[in-house]
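Please walk through this structure from its individual contacts up to the chain as a whole.

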Amino acid sequence: MCIRDRSKHVYEKEAILGSGLGISLTKRGQFAAAKRASYKERLTYYFEQCHPESVRKVDELLRAYRGREQALFQVLERKYGAAVPLSIPRLDPALAQDVIAIRDLKAMEAKMRHSEPRMARTV
């Protein structure tokens, strides 16, 4: 995931983009532990990953399950087959800019591939 190359960190692109990995480094170059997120943050992130159409229902669900949030998470885990995370991956600001740039480049490459005229085959 992270390869130490002299004094800088090199991240594998697939590990960052594929898993939604959030990385934060301290000033000494050590990995910082993510703090536990609020119920709203956890539920919003969960729905963004598993069922994007339900993001708009987060506040309504939390009101309905006030004081029983763990029961709500258990129901969702059974329904969607994925665990609700305790913390949310947050990207280091510099790494986040790189991830956005990579996604933009991928989108531009895909657009260029689709817009290139296809040559007719001659037999």
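Contact here means heavy atoms within 4.5 Å. The model is a predicted one, in which local features need pLDDT of at least 70 and side-chain atom pairs count only at pLDDT 80 or more, while totals for chains, interfaces and linings use all residues. Residues are numbered from 1 along each chain as its sequence is written, and side-chain values use heavy atoms, with hydrogens and water left out.

With residues up to four places away in sequence set aside, Ser54 touches Phe47 and Tyr80. Ser54 sits in the loop between H2 and H3; helices (H or I, at least four residues) and strands (E, at least two) are DSSP runs, numbered from the N terminus. Its relative accessibility is 5%, so Ser54 counts as buried. Buried stands for under 20% relative accessible area, exposed for over 50%, and partly exposed for what lies in between, with a 1.4 Å probe and protein chains only. Between the C-alpha atoms of Ser54 and Thr44 the separation is 8.7 Å, for residues 10 apart along the chain.

The buried residues in H2 are Arg42, Leu43, Tyr45, Tyr46 and Phe47. Their cover includes H3 and helix H4 (69–80).

Some of these residues belong to the largest nonpolar core, whose nine residues are Leu43, Tyr46, Phe47, Val58, Leu62, Leu72, Phe73, Leu76 and Val84. A nonpolar core is a set of buried Ala, Val, Leu, Ile, Met, Phe, Trp, Tyr and Cys residues joined through side-chain atoms within 4.5 Å. At least two residues of this core come from each of H2, H3 and H4. Leu43 shows how the parts meet: neighbours within four places in sequence aside, Leu43 is in contact with Val58, Leu61, Leu62, Leu72, Phe73 and Leu76.

Val84, another residue of the core, is found in the loop between H4 and H5. Its relative accessible area is 7%, so Val84 is buried. Not counting residues up to four places away in sequence, Val84 touches Arg42, Tyr46, Phe73 and Glu77. From Val84 to Tyr46 the C-alpha distance is 6.0 Å, although the two are 38 residues apart in sequence. The loop between H4 and H5 also holds Gly81, which is exposed at a relative accessible area of 67%. Gly81 and Cys50 are 31 residues apart in sequence, with 9.0 Å from C-alpha to C-alpha.

Which residue forms a salt bridge with Lys40? The partner is Asp59, and the closest N and O atoms are 3.1 Å apart. Asp59 lies in helix H3 (residues 58–64) and Lys40 in helix H2 (residues 39–50), so the pair ties together parts that are 19 residues apart in sequence. A salt bridge is counted when a side-chain nitrogen of Lys or Arg is within 4 Å of a carboxyl oxygen of Asp or Glu. By that rule the count is one salt bridge. Both partners are partly exposed: Asp59 has a relative accessible area of 38%, and Lys40 has 44%.

On the surface, Leu105, Met108 and Met112 form a nonpolar patch with about 300 Å² of accessible area together. Patches are made of residues with over 30% relative accessible area and no salt bridge, with like charges joined within 9 Å and nonpolar side chains (Val, Leu, Ile, Met, Phe, Trp, Tyr) within 5 Å. Met108 lies in helix H5 (residues 93–115) and is partly exposed, with a relative accessible area of 45%.

For the chain as a whole, the secondary structure comes to five helices and two strands, in the order β-β-α-α-α-α-α from the N terminus on. Of its 123 residues, 17% count as buried. Among contacts with a separation of 6 or more, residues 24 or more positions apart account for 57%. The chain exposes about 9,900 Å², of which carbon and sulfur atoms supply 53%; accessible areas come from the Shrake-Rupley method with a 1.4 Å probe, and for residues only the protein chains shown count as cover.
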